[in-house]
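Here is a short briefing on one protein chain. Keep the sequence and the 3D view side by side as you read.

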Amino acid sequence: MQKRIDKKDVQALLASTPGGRPVGYFAREKTAPNPNLWEEKGLVVVPGYKQTSVGLELMNRMQEADFISGSGVFSFPVCYQYFSQLACVKHGRSDVALCLDLVEGSIFKERQAGQGRVACLLNFSEYTAPSEPIYLPDVYAEMLRELAAPLQKRVFKEAVGCLPAEGKTVLEAPGLPEAGSWSVAVREVGADWPQCLQELVAQAQRQQVISLRFIINAHRAAAGAGVEELRQQGFFFGGLAPRWFGSDGIIVQKIFHKEPDFAGIRLYSQQAKELCSFIRADRKAVQRIHAEKR
């Protein structure tokens, strides 16, 4: 038996036995800057029902037509096993970003101690067509087009030029780092972007962040200069964040204090595998830039 729960920023399903005992829970929440996006998260199945179809039934039910609302839905399946990735692909999601060393592996009961941090994919289903173009930095243009190809039709423009001559950088409620991970959404790249970036990286270092990501709003040509400044500071490609601000975002990332755990990444879809190869190559390219600067 399933019960639907609807609140302003949450859609959820609760599974229970005929006697009313709760045995499973799955939810969608509004966690992105765009209030028209849903994130699927928090699948919980009680121990006695983990070997049943309860979890899969909840996930499948959440994909039915009466749950389709807003701009789209996304999730962050883990990359140390295939189950959650496979489920998302079966639900029609596209893998659009790979966030390295995103979460501490010890939070997963099935992980052994000392296995380190876990990468997560960002995958996405888009319900409506975007109304704003996406400006593509030349260095990432081809890959961003490939990642966007399974989604709704977009208008692509070239992100050329320099930073704005005036105006301040606008951050979207960056919050605080959690468990060594920090994601900072940049709604507007301003003239002060280099200084703003320097301050944010210094804050991340003080708070012992391991995985730092910037999501740059790609609705203006200045996105190209914003991404290039990040590359000059050692950041490399992460992927596409569709409709993150209403318009699309571009993810760039950096891992501090350690090498990324590429060896521990298990990927199901061909698009995810190609994206991972691109990220590894881009990281090496960024490292060469720094070596030449020295």
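D101 counts as buried, because its relative accessibility is 2% and the cut-off for buried is under 20%. This residue belongs to strand β6, residues 94-104. Its phi is positive, near 50°, and D101 is not a glycine. Bear in mind that the model is predicted.

**Positive phi angles**

- R243 sits in the loop between β13 (236-241) and β14 (249-255).
- With a relative accessibility of 6%, R243 counts as buried.
- A glycine with a positive phi, G92, follows helix α2, and its angle is near 90°.

**Helix α2: a buried face**

- Which residues of α2 are buried? They are S84, Q85, A87 and C88.
- Viewed down the axis of α2, these buried residues fall within an arc of 165°, so they line one face of the helix.
- Leaving out residues up to four places away in sequence, S84 touches P77 and V78.
- Q85 has a relative accessibility of 3% and therefore counts as buried.
- Beyond four places in sequence, Q85 touches P77, V78, C79, L121, R266, L267 and Y268.
- A polar atom of the Q85 side chain lies 2.7 Å from the backbone oxygen of R266.

**A nonpolar surface patch**

- What kind of patch do Y82, V89 and Y268 form on the surface? The patch is nonpolar, and together the three residues have about 270 Å² of accessible area.
- V89 is part of helix α2, which covers residues 83-90.
- V89 counts as partly exposed because its relative accessibility is 32%.
- Y268, a member of this patch, is also among the residues that Q85 touches.

**Salt bridges**

- Side chains of opposite charge can pair when their charged atoms come close.
- How many salt bridges does the structure hold? There are 16.
- R154 and D248 form one of them, with the closest N and O atoms 2.7 Å apart.
- This pair links distant parts of the chain, 94 residues apart: R154 is in the loop between α3 (141-148) and β9 (156-158), and D248 is in the loop between β13 and β14.
- Are R154 and D248 buried or exposed? Both are buried.
- The loop between β13 and β14 also holds R243.
- D6 pairs with R4, and their closest N and O atoms are 2.7 Å apart.
- D6 is partly exposed, with a relative accessible area of 46%.
- R4 is also partly exposed, at 30% relative accessibility.
- D6 and R4 belong to a network of salt bridges that links R4, D6, R61, E64 and D66.
- R231 and E228 meet through their side chains in a salt bridge, 3.7 Å from N to O.
- Why are R231 and E228 separated by about one helical turn? They are three residues apart in helix α5, residues 222-232.
- An α-helix has 3.6 residues a turn, so residues three or four places apart point the same way.
- R231 counts as buried, at 6% relative accessibility, whereas E228 counts as partly exposed, at 33%.

**Q205 in helix α4**

- Q205 lies in helix α4, which runs over residues 193-206.
- Q205 counts as partly exposed because its relative accessibility is 35%.
- Which residues does Q205 touch, not counting those up to four places away in sequence? They are F256 and H257.
- The side chains of Q205 and H257 also make a polar contact, at 3.4 Å.
- Q205 and W38 are 167 residues apart in sequence, and their C-alpha atoms are 31 Å apart in space.

Notes: Residues are numbered from 1 along each chain as its sequence is written. This is a predicted model: local features need pLDDT of at least 70, side-chain atom pairs count only at pLDDT 80 or more; totals for chains, interfaces and linings use all residues. Side-chain values use heavy atoms; hydrogens and water are left out. Patches are made of residues with over 30% relative accessible area and no salt bridge: like charges are joined within 9 Å, nonpolar side chains (Val, Leu, Ile, Met, Phe, Trp, Tyr) within 5 Å. Accessible areas come from the Shrake-Rupley method with a 1.4 Å probe; for residues, only the protein chains shown count as cover. A salt bridge is a side-chain nitrogen of Lys or Arg within 4 Å of a carboxyl oxygen of Asp or Glu. Helices (H or I, at least four residues) and strands (E, at least two) are DSSP runs, numbered from the N terminus. Buried means under 20% relative accessible area, exposed over 50%, partly exposed in between (1.4 Å probe, protein chains only). A polar contact is a pair of N or O atoms within 3.5 Å; within protein, one must be able to donate a hydrogen and the other to accept it, and residues adjacent in sequence count only if both atoms are side-chain atoms. Contact means heavy atoms within 4.5 Å. The arc is that of the directions from the helix axis to the C-beta atoms.
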